[in-house]
Amino acid sequence: MVRLDDALAHLDDTQRMLQAKVDPDALDTLQHVAASIADLRRQGATVRRDIGRTDARLRRPTLTIGAVGRGGQGKSRFLQSLTGLSDKEIPAARGGFMTGAPSLIRPGTGPTTAEVEFHDAASFLADLIAPYYRELGLGPPPSSLAEFERTRPPALPAEASMRASHAYDHLGTYRDNLAAYRNYLVGQHRVQSVPPEEILRFVAQHDGAGRPTHDFRAVRRVRITAQFLHDDLGQLAVIDLPGLGDTNLHDEHVLRQALDGEVDLVLFIRRPDPLREDVHDVDVDLYDVVRTALPELPVEQWSFLVLNRVEGGDGDNTAMIEQYAAAVRRSRIRVTDIAAANCTDPAQVAEVFDTVVEQAVRTLDDLDRSLVDRRELEVATLLADAMVLVGEAQVLARRAVPSSAWFPRFLQLFNDTHGRLSRGLDELVEQLRGSTTEHDDELAAAIKAALHRARANVVVPSSDEIVTRAAKAGAYGTVFNDLTNELRPQISRQFLDLDAALKLRVDAMHRQVAEVLTDAGQLGTLHLGGAHEFLCAFAARLPDDGTTAELRFGFQFLTEFTLNYRGLIQHRVRRVLDKLKPDSMPYDASAGAEGIEYILQELVAETLFEIETELENLIFEPREAVFAVVEEFRDRVLRSQGAVDEWRTVYEALRSDVWAEEFEALAANTELFNQWTRAVEGVATAAGGQLPVLQRAAG
Amino acid sequence: MFVRDSTHGRVMDVVMLGPRGVGKTSLLASLYDQFPSVVGESALELSVTDGTTRSLLQGYREDLRRFARGGPARDRGVGGTTNLRQYLLGLGTNGKRPPQMTLRFTDMPGVLLDKSDGHAERVKLNQILPTASVIFVAIDSPAMLERRGVYNEEINKPAHVSEFVKDAVTTTGHKLVVFVPLKCERYAASAADLTQLTVEVKRHYRSLIDGFASAPHVFCGAVLTTVQTVGSMHFSRFETGTYGEPCEVFRLSRFGATYDPRDTDQPLRWMLRFAVNGFMARDKTVGEAFRDWWNDTDHTLTQALRKFGAACKEDEGFEILHRHPYLELP
Amino acid sequence: MTASVPVPPTRPTVSWYIQTAGVKPGQDYTWLAVDQTDDPMYATVIVAGDVAERPLLDLVSERTPSVLLARRADGRHVLYANNLRPAGAPADGDYMRRPIRATLLGVAAAQEDAAMPLLDAAAAALSKSLADRLPLTWTEAGPAIVPSDTPWTPPASDRDPDAATRTDLQESIAVPVADQESVAKEITALHTHDLNDFPPDRPLLLATDMFDPEELATIRPWRALTPAVSTRKSLTKEGKRRPSKPVIVAVAAIGVALVTWFVVSRLFGRS
C-alpha cells in the first residue's frame with residue numbers, strides 16, 4: 001500500500017512537471033489523470049487508515065465495553081455497580097457532573113489506581129480544535145498553541161445554525177480558558193498518576209458547586225484500575241463515555257474517537273420515563289453517532305440497550321420497561337438485545353452484563369472476520385482502480401513514439417549538428433597532431449623546475465662527513481654503498497611533482513573535447529558540468545541497451561585515460577638510477593673519503609643529466625599520447641560502423657534539450673515521456689498488475 | 001703524395017682538422033705516444049730530430065696522463081692550441097740516416113677554419129691542405145651522440161669541416177681521410193653505442209664521403225676509427241656554462257682508474273699503411289732505385305707493413321668508408 | 001675569398017697585440033689590436049714569420065709560458081710573451097674548462113728608440129706582473145680590449161743607466177728560471193744602441209722550457225731563461241760557430257777543382 005502511494009506520488013510529480021511542457025491536447029488527458037491520481041491517493045489514505053484501525057482492533061488484548069448514555073439515565077450508576085467504584089471515581093450526573101473525558105476502567109487486584117493521559121499541543125490542536133474549524137468552516141486550523149491563543153477564529157456567518165453557534169461558543173471557551181489548562185499540554189509528563197479521589201478533577205466538566213472546570217479539556221483519557229465486584233471479568237474493560245448532553249460537538253467527537261479506536265461493544269443505558277415513554281430524537285441522534293462511528297459493522301451486531309429499571313419510589317418505571325422496549329423495536333434503533341436491570345443493584349447489573357458479554361463473545365469473531373473481509377475488498381478495489389489509472393496514463397506515454405510530423409525536421413537538425421561535430425573533432429585531431437611536434441612549455445618548465453630542485457636538494461656529504469661515517473661504519477666501502485642507496489631515492493623523489501603537469505595536459509585535452517561537444521555538438525544545453533565531469537556525465541546518460549555501444553566505448557576510453565608519474569616517468573628515472581648502484585661502481589680501497597665525495601658528486605650530476613636527457617625525450621610523449629587518444633576517440637565515435645546511427649539515437653532522445661525552441665516539449669521530448677512511462681510502470685508494479693510491454697520511444 | 005723538401009727529403013703532410021676543442025692536439029699527442037710501440041714491431045724506426053716537436057709533443061703526452069688521473073682537482077687536459085704548428089717525425093728503416101721519409105703533422109687552432117684568407121696562418125693552412133696526403137678529421141663524440149646531437153652543429157660543424165676536406169681532396173694525388181671520433185670512453189663498452197656513433201658520423205659526413213668516389217683525378221681512401229685517448233675518463237654530462245654554452249664534463253670511469261688509452265694505435269696503423277704503401281709506389285729516381293735495391297728497402301717495408309698493418313680493426317667502431325689500394329696489405 | 005693584405009702599423013713606437021679566447025665554442029684564440037687603429041691581422045703575419053732568422057713559433061712553447069725578444073729581418077724588434085694568465089679571464093676557463101690564456105705581441109717601429117717599451121714588457125713578463133696588466137675584458141661576446149684614451153704601455157721598470165755601459169753583447173748566457181728578476185733588470189738596463197748593435201740573427205731574450213743547453217747554444221740568445229740549467233752559465237764557448245758563407249764557397253770550389261782534376265786526369269791519362 002505504501003509502495004503504491006509512493007509510486008502514485010512519483011507519477012503525480014512527473015505529471016506536474018509535464019504540465020508545464022505539454023500541448024493543450026495532452027494537457028486535458030494529463031489533468032484527467034491528475035484528478036484520478038488525487039482520488040486514488042485519497043482513497044488509498046482511507047483504506048490505509050481503516051486497515052490501521054482494524055489492525056489495532058484485532059491486536060487489542062481486552063474486550064472493551066463502552067457505556068453510552070445521556071446525563072441522568074443511570075450510566076454512571078451502572079458502571080459503579082459493575083465495578084464497585086464510587087462517585088469519586090465515576091462521576092454521576094446527579095450531582096450536576098458531566099463526563100468531559102473518557103475513563104477506561106480495567107479490572108485489577110489491589111487498591112484502586114488511576115493515571116491521567118494528557119494531550120500534547122499537537123494532538124490537542126489536531127484532535128480537539130481542528131474539528132471545530134473544519135466543521136464550522138473557519139479556514140485553516142491553528143498550527144500552534146500560540147497561534148490559537150493569538151488569533152481569534154473568524155466570526156460565523158449571520159445565518160449560522162444554533163448548533164454551529166453553540167459549537168463556536170465551545171471553541172471560544174477552549175480558547176478563552178487556555179491559560180487554565182495550558183500547562184498540562186506543554187508539560188513534561190504526558191501521563192500522570194493521580195490518587196482516586198482526584199479523578200473527578202480531570203474528567204468532570206463542573207466541580208461539586210456546579211462551577212465549570214477546565215482541566216478535562218487537556219485530558220485525552222483517564223485509566224483506572226479497580227477491583228471489580230465480579231472477579232471473572234479479567235479480559236474485559238469498560239469505558240465511560242460522554243453522553244450527548246446538548247448539541248455538544250466536543251462530546252460527540254470524543255465519543256466518536258473512543259468508539260472508533262477503542263470500543264468493541266456499546267451499551268446504551270436508558271432510563272425510561274415512568275409516566276410517558278417514547279423514543280426521542282435525542283435517542284436516535286445518539287444512536288446515529290454510534291452507528292456512523294463504525295459504519296462498516298452493522299451497529300445492531302455490537303450494541304445492546306440496557307433499560308434502567310427504577311424500582312419503588314417516585315421514579316418507579318417498572319411498568320414502562322416493556323413499553324419502551326416495544327417502542328425501540330418500532331423505531332430505527334436496532335440493537336442486538338434489549339435487557340433491563342436496576343442499575344443500582346450490582347446483582348442485576350452483573351446478570352445483564354453476563355448476558356451481554358456472552359452474546360458479544362459469540363458474535364465478535366464474526367464481526368472481526370467481516371471486518372477483515374471488508375478491508376481486503378477495499379484494497380482489491382483500490383488496486384483495480386490503480387490499474388484503470390495506469391491504462392489512462394499509458395495513452396499519454398504512447399505519444400512518445402516518434403511521429404512523422406517532427407522527424408524530418410529532427411533529421412535536418414541532426415545532420416547539420418553531426419556535420420559540425422565531425423568537423424570540430426577532425427579539426428581538434430589535426431590541431432593535436434600539429435602540436436605533437438610543438439614544444440610543451442608547461443611540461444618543460446615543470447621538468448626544469450624539478451631538475452633545478454634536484455640539483456639544489458640532492459647534496460653529497462662532504463669528505464669530512466664521509467670520514468665520520470666511515471669511523472662509525474668501519475669501512476669506506478660500506479659508507480659508499482650506503483650513500484648510493486640513500487642518494488637514489490633522494491633523487492627519484494624530486495620528480496614526483498611532475499604528476500601535476502601531466503594531469504594538466506590530460507585536463508586540457510578533456511576540456512578541448514568537451515568544448516567541441518558543447519559548442520559544435522550543441523550539447524552545452526545539457527548543463528552537465530565542466531570538461532571531465534561533462535564527458536563522464538554524458539557517457540553515463542548514453543543508453544546501455546547496446547544501441548550506443550561504440551559511443552559508450554569511445555567515451556569510456558576517453559574519460560578513463562590518464563597520464564601520471566608512475567606510468568610515464570618512473571621507469572625512466574629508475575633505469576638511469578641504476579648507475580648509482582654500488583655494483584655498477586665497485587669501491588676501490590685506494591679512493592678514500594675525497595675519492596668517494598668526488599665520484600658521488602660526479603655520479604649525481606651525471607644521473608641528473610641523464611634524467612634530463614630522458615625527460616627531454618619524453619617531452620613530446622604526453623602530447624603524442626593525448627593526440628592518439630583523441631584520434632582513437634574520433635575514429636570510434638565518428639568513423640566506426642553505425643556511429644552515425646548511435647549519435648542519431650542520442651540526439652533524438654535529447655532533441656528537446658538541444659533544440660528546445662524547435663520542439664514542443666511533449667511532442668518531442670521522448671526523454672520526458674520515458675520518465676512518464678517509468679512512473680506509470682512504477683504504479684503498475686506497485687499495484688501488482690501486468691502491463692503490456694511498452695514500446696520504447698526510439699527511432 | 002710526398003713533397004720534396006731540401007732539408008727533410010720526402011715529406012708527407014698530415015693535417016689535424018676540426019673545430020675548436022674537439023681533440024685535434026690530444027689525437028696528435030696520442031699518435032705520438034703510440035708511435036714507438038707500433039713502429040717498434042717492425043724493422044722501421046721513428047726519429048725526432050726537431051727539439052720543438054719533441055718537447056711539445058712530450059709535454060702534451062704528459063698533459064694527457066695527468067688528465068687521465070681525474071679526481072677532484074679536475075685537470076683540464078690538453079690546453080687549447082693558439083697557433084698553427086708543424087711537427088716533424090722521421091720514419092725510416094732502422095739505422096738509416098736521414099730517414100727515408102718525414103711525416104709533417106700540422107696542428108692548428110680550430111678558429112682558423114673561420115678566419116679570412118688574410119690571416120697569415122689561414123694562408124698557410126690553405127697552402128698545406130692541398131698538399132696534405134692524410135687528413136685526420138677529429139670528431140667530438142659526445143656532441144654527436146648526446147641529447148640527440150643537439151650540440152653537434154655548434155661543436156663539430158660537420159658541414160664546415162667537410163668543405164675544407166673537399167678542398168684538400170680535389171687536388172691530384174693519393175689521399176687518406178681518417179675520421180676519428182674522440183672521447184669514446186663512455187660508448188666503447190656498448191656495441192650499440194659504437195654502431196650508433198659510426199652511423200651518425202656517416203650521416204653527418206655523407207656528402208663528403210660520397211664525394212670520394214666521384215672525384216675523377218683523386219684517389220682518396222677513407223677510414224673511420226674510434227679512439228679513447230685516455231681510457232680512464234668517461235664523458236659524464238653537459239653542463240651549462242656562464243653564457244649558456246654547453247660544457248663537457250668528464251669523470252673517472254671507476255675508482256682507481258688510470259691512463260689506459262684504447263685504440264689510439266688504429267689511426268696510426270692506417271696512416272702508416274697508407275704512407276708506406278705510397279712510399280713504395282713512389283716515382284723513384286735512378287739513385288733511389290739503386291739505393292732501395294742495395295738496401296733491400298722494399299722488402300723491409302713490406303715486412304713492416306705486414307707487421308703493424310695486421311692489427312688494423314675493421315669492425316665495431318672501425319670501418320673502411322672508402323677503399324684505396326694503399327690501404328691494402330701487400 | 002679575397003685576400004686582404006694586413007697593414008703594418010705606422011706608429012712611431014710599439015704596436016701591441018693580444019691573442020686570447022672567450023668561453024664559448026666559437027670564441028677560439030684570436031688576435032686583438034690594443035689600439036683600435038691597428039690591424040690585428042698584422043700580428044698573424046709577425047707570428048707566422050721569422051725572427052732572428054728562425055720561425056718565431058719554433059722558438060716558443062705552445063704549452064708553457066715563453067718570452068721572446070728578437071729582431072725581424074725588416075729591423076723591427078718583436079716581443080712575444082705567451083701563456084699569460086690574466087686575472088680577469090673567466091675563472092672556469094673555456095667551455096671545455098681549459099684555462100684561458102693570453103699572448104702579448106709587441107712590434108716596434110723600425111727606428112731608433114722605438115723598441116724601448118718592449119724591454120719593459122719583457123721584464124714584466126719575466127717578473128710575472130704582465131698578465132694582470134693586460135687591457136682585457138671578457139663578456140658574452142668574447143674577449144675585448146678595454147678602451148682607453150691614452151695608449152697602453154707595459155708596466156715601467158727602474159732603469160739602471162750605469163749598467164748599460166758594461167753590457168757585453170757578444171756573450172750568450174743561460175740563466176736558471178729562479179733568476180728571472182736579475183734577467184729582468186739586465187733587460188731593462190739595455191740602451192737603444194745596444195738593441196741596434198745586437199746581431200740580427202740572435203734573439204736578445206729567450207725564456208722557454210723547450211730547449212736543452214746544446215740547442216740554446218746554436219740559437220745563441222743574449223739571455224736564455226731555461227729550466228735546463230741550475231746555475232748561470234755561458235753558452236758561447238759550447239756554441240759552435242757556423243762556418244761563414246765564404247768558407248763554404250771556398251771549400252766547395254777546392255772540392256770541385258779536385259774532382260775535376262781527378263776525372264780529367266783519369267780520362268786523359270787512359271787515352
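**A helix and its neighbours**

A: Let's begin with helix α18 of chain A, whose buried residues pack against α17 (498-518), α19 (549-560) and α24 (643-653) of chain A. Here "buried" means under 20% relative accessible area, "exposed" means over 50%, and "partly exposed" lies in between (1.4 Å probe, protein chains only). Packing is judged by contact, that is, heavy atoms within 4.5 Å. This is a predicted model, in which local features need pLDDT of at least 70 and side-chain atom pairs count only at pLDDT 80 or more, while totals for chains, interfaces and linings use all residues; side-chain values use heavy atoms, with hydrogens and water left out. Residues are numbered from 1 along each chain as its sequence is written, while chains are lettered from A and ligands numbered from 1 in the order in which they are written.

Now for the residues themselves. Helix α18 covers residues 531-541 of chain A, and its buried residues are Phe534(A), Leu535(A), Phe538(A) and Ala539(A). Looking down the axis of α18(A), you find these buried residues within an arc of 125 degrees, so they line one face of the helix. The arc is that of the directions from the helix axis to the C-beta atoms. As for the names, helices (H or I, at least four residues) and strands (E, at least two) are DSSP runs, numbered from the N terminus.

Helix α6(A) spans residues 162-176, 15 residues in total, and reaches 21 Å from its first C-alpha to its last, close to the 21 Å expected at 1.5 Å a residue. That expected span is 1.5 Å times one less than the number of residues. Ala164(A), Ala167(A), Tyr168(A), Leu171(A), Tyr174(A) and Arg175(A) are the buried residues of α6(A). Seen down the axis of α6(A), they fall within an arc of 110 degrees, so they too line one face of their helix. On the other side of α6(A), the exposed residues are Met162(A), Asp169(A) and Asp176(A). At the start of α6(A), a side-chain oxygen of Ser161(A) comes to within 3.0 Å of the backbone nitrogen of Ala164(A).

Next, the setting of these helices. Chain A holds 27 helices and 9 strands, and 48% of its 699 residues count as buried. Among its contacts with a separation of 6 or more, 79% come from residues 24 or more positions apart.

The sheet in chain A is open and has 9 strands, in the order β4-β3-β5-β2-β6-β1-β7-β8-β9, with mixed pairing. At its edges are β4 (191-194) and β9 (337-341) of chain A, each pairing on one side only. Two strands pair if DSSP finds at least two bridges between them. From one strand to the next, the twist averages 25 degrees. Strand β3(A), residues 113-118, pairs with β4(A) in the antiparallel sense over 4 bridges, and Val116(A) has Gln192(A) in β4(A) as its bridge partner.

Helix α10(A), residues 281-293, lies across β1 (63-68) and β7 (265-270) of chain A, at about 170 degrees to β7(A). Helix α11(A), residues 318-330, lies across β7, β8 (303-308) and β9 of chain A, at about 150 degrees to β8(A). For these angles, axes are lines fitted to C-alpha atoms, for helices over the stretch in contact, and angles run from 0 to 180 degrees between N-to-C directions.

Gln73(A) sits in the loop between β1 and α3 (75-83) of chain A, and its relative accessibility of 9% is why it counts as buried. The side chain of Gln73(A) reaches the backbone nitrogen of Arg271(A) at 2.8 Å. This is a polar contact: a pair of N or O atoms within 3.5 Å, where, within protein, one must be able to donate a hydrogen and the other to accept it, and residues adjacent in sequence count only if both atoms are side-chain atoms. Leaving aside neighbours within four places in sequence, Gln73(A) is in contact with Ile269(A), Arg270(A), Arg271(A) and Asn308(A).

Finally, a glance at chain C. This chain has 8 helices and 13 strands, and 51% of its 271 residues count as buried.
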